[in-house]
Amino acid sequence: MLSHHTRYQYDRPVCLGPQTIRLRPVATAKTPVRSYTLRIGPPCKQQTWQRDAYGNDVACVTFAERVTHFDISVQMEADISPRNPFDFVLRPDVTRWVPPSWRVQSAPAMAGQRQCVAADPHGSLAQSQSQSQSQSQSQWSVPHQPFYGAAQEYAALAPYRQASAPGPRQLAFLQDWVQKAPVETLEMLVGLNRAVAAHVGYQVRLEPGVWTPEETLAQASGSCRDSAWLLIALLRNLGFAARFVSGYLIQATRNGEGEEILTCDLHAWAEAFLPGAGWIGFDTTSGLLTAQGHVPLAATPSPEHAAPVSGLLDHCQAVFDVSMQAQRLYGQIEV
């Protein structure tokens with residue numbers, strides 16, 4: 001059984017606008033959810049469930065009176081029996097991916113600079129001295145992965161394939177990776193996830209927002225949401241459909257007495273869409289594929305649409321408190 005309680009305490013009575021809560025496992029979650037309850041306090045005027053544009057079940061809550069606190073309590077029972085994260089089959093034409101080719105600087109080389117030249121994606125690249133970000137962005141060409149095709153069934157993937165031009169650090173990372181990347185699609189994706197996990201050290205970052213890929217690469221560290229967004233940017237610039245996922249991460253660990261206990265945290269990871277297999281999760285904190293302990297709550301094209309709670313609030317001072325507890329039931333691997 002998983003118990004998750006969040007409280008927002010305000011320094012005065014405030015008006016809360018409509019609140020959107022994204023704390024219900026998505027319908028396509030691979031971890032079976034046997035029961036789920038969401039409770040709101042103080043009593044709200046209305047609580048309705050809706051399915052957003054990305055297929056997530058979200059609770060919409062409104063209050064008739066001013067409030068001094070806002071409580072959200074979730075209780076959930078899920079089966080986290082071990083499962084094989086590689087238990088899927090790719091469509092035959094998906095087994096190999098198409099690497100990009102590029103020319104970094106299209107404008108004439110300025111004094112003291114050398115142009116990067118077009119190169120074989122798995123061959124060597126000429127070295128270049130530092131260039132402006134606008135120059136480095138100008139010539140990255142996102143490859144077309146033919147297994148997505150032009151079929152109508154993949155039109156829904158368009159928001160997940162929109163790639164922003166890479167900055168200089170992201171471009172350097174991509175160039176270095178493409179030179180050594182495996183030609184097999186799954187092997188390449190697994191390796192890229194590990195490369196991001198190795199490059200970006202994990203840190204707990206309590207301030208809101210998500211760093212840009214350039215910021216995360218510059219810091220060589222970040223929260224789970226920062227490294228997940230970096231991987232998504234890299235995947236899209238390699239021609240893959242990728243999305244941001246927020247959810248619960250439930251893990252078994254041992255306490256000081258050596259007893260096995262369960263821990264639970266809010267977490268974030270990336271998913272790539274592979275025809276034949278569907279959406280496959282990659283955890284950039286561990287460098288592994290997502291498995292039974294990853295319970296997705298919201299999957300969206302960008303992080304701002306996956307926030308656990310969002311809505312309007314009067315100007316005030318607020319104190320935020322959250323607690324989570326997970327425990328086995330009936331001796332089984334359940335929470």
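**Exercise 1. Is Leu249 buried or exposed, and what does Leu249 touch?**

Solution. The model is a predicted one, in which local features need pLDDT of at least 70 and side-chain atom pairs count only at pLDDT 80 or more, while totals for chains, interfaces and linings use all residues. Residues are numbered from 1 along each chain as its sequence is written, and side-chain values use heavy atoms, with hydrogens and water left out.

Step 1: Leu249 belongs to strand β9, residues 242-254, where strands (E, at least two residues) and helices (H or I, at least four) are DSSP runs numbered from the N terminus.

Step 2: read the accessibility. Leu249 has a relative accessibility of 12% and therefore counts as buried; the classes are buried under 20% relative accessible area, exposed over 50% and partly exposed in between, with a 1.4 Å probe and protein chains only.

Step 3: list the partners. Apart from residues up to four places away in sequence, Leu249 touches Thr263, Cys264, Asp265, His267, Gly293 and His294, contact meaning heavy atoms within 4.5 Å.

**Exercise 2. Describe the chain as a whole.**

Solution. Begin with the secondary structure, which consists of five helices and 15 strands. Then turn to burial: 47% of the 335 residues count as buried. Finally, look at the contacts with a separation of 6 or more, of which 72% are accounted for by residues 24 or more positions apart.

**Exercise 3. How do the axes of helix α2 and helix α5 cross, and which residues make the contact?**

Solution. Step 1: the axes of α2 (residues 168-180) and α5 (residues 224-237) come within 11 Å and cross at roughly 60 degrees; axes are lines fitted to C-alpha atoms, for helices over the stretch in contact, and angles run from 0 to 180 degrees between N-to-C directions.

Step 1: the crossing of α2 and α5 is right-handed, a term used if the near helix is turned clockwise from the far one by less than a right angle, with left-handed used if anticlockwise.

Step 2: α2 brings Gln170, Phe173 and Leu174 to the contact, and α5 brings Ala233, Leu234 and Asn237. By class, the contact residues are four nonpolar, two polar and no charged (nonpolar: Ala, Val, Leu, Ile, Met, Phe, Trp, Tyr, Cys and Pro; charged: Asp, Glu, Lys and Arg; polar: the others, Gly among them).

**Exercise 4. Classify the pair formed by the rings of Tyr8 and Phe320, and then examine other aromatic groups.**

Solution. Step 1: a pair of aromatic rings is described by the distance of the centres and the angle of the planes. Rings of Phe, Tyr and Trp (its six-membered ring) pair if their centres lie within 6.5 Å, and planes under 30 degrees apart count as stacked, over 60 as edge-to-face and the rest as tilted. The structure holds twelve such pairs.

Step 1: the ring centres of Tyr8 and Phe320 are 5.3 Å apart with the planes at 45 degrees, so the pair is tilted. Since Tyr8 lies in strand β1 (residues 2-14) and Phe320 in strand β15 (residues 318-326), the pair ties together parts that are 312 residues apart in sequence.

Step 2: one aromatic cluster is formed by Trp97, Phe147, Tyr148, Tyr154, Tyr160, Phe240, Phe273 and Trp279. Over the face of Trp279, a member of this cluster, lies Arg243, at 4.1 Å from the ring centre. The charged end of Arg24 sits over the ring of Trp49, 4.7 Å from its centre; the criterion is NZ of Lys or CZ of Arg within 6 Å of the ring centre and within 35 degrees of the ring normal.
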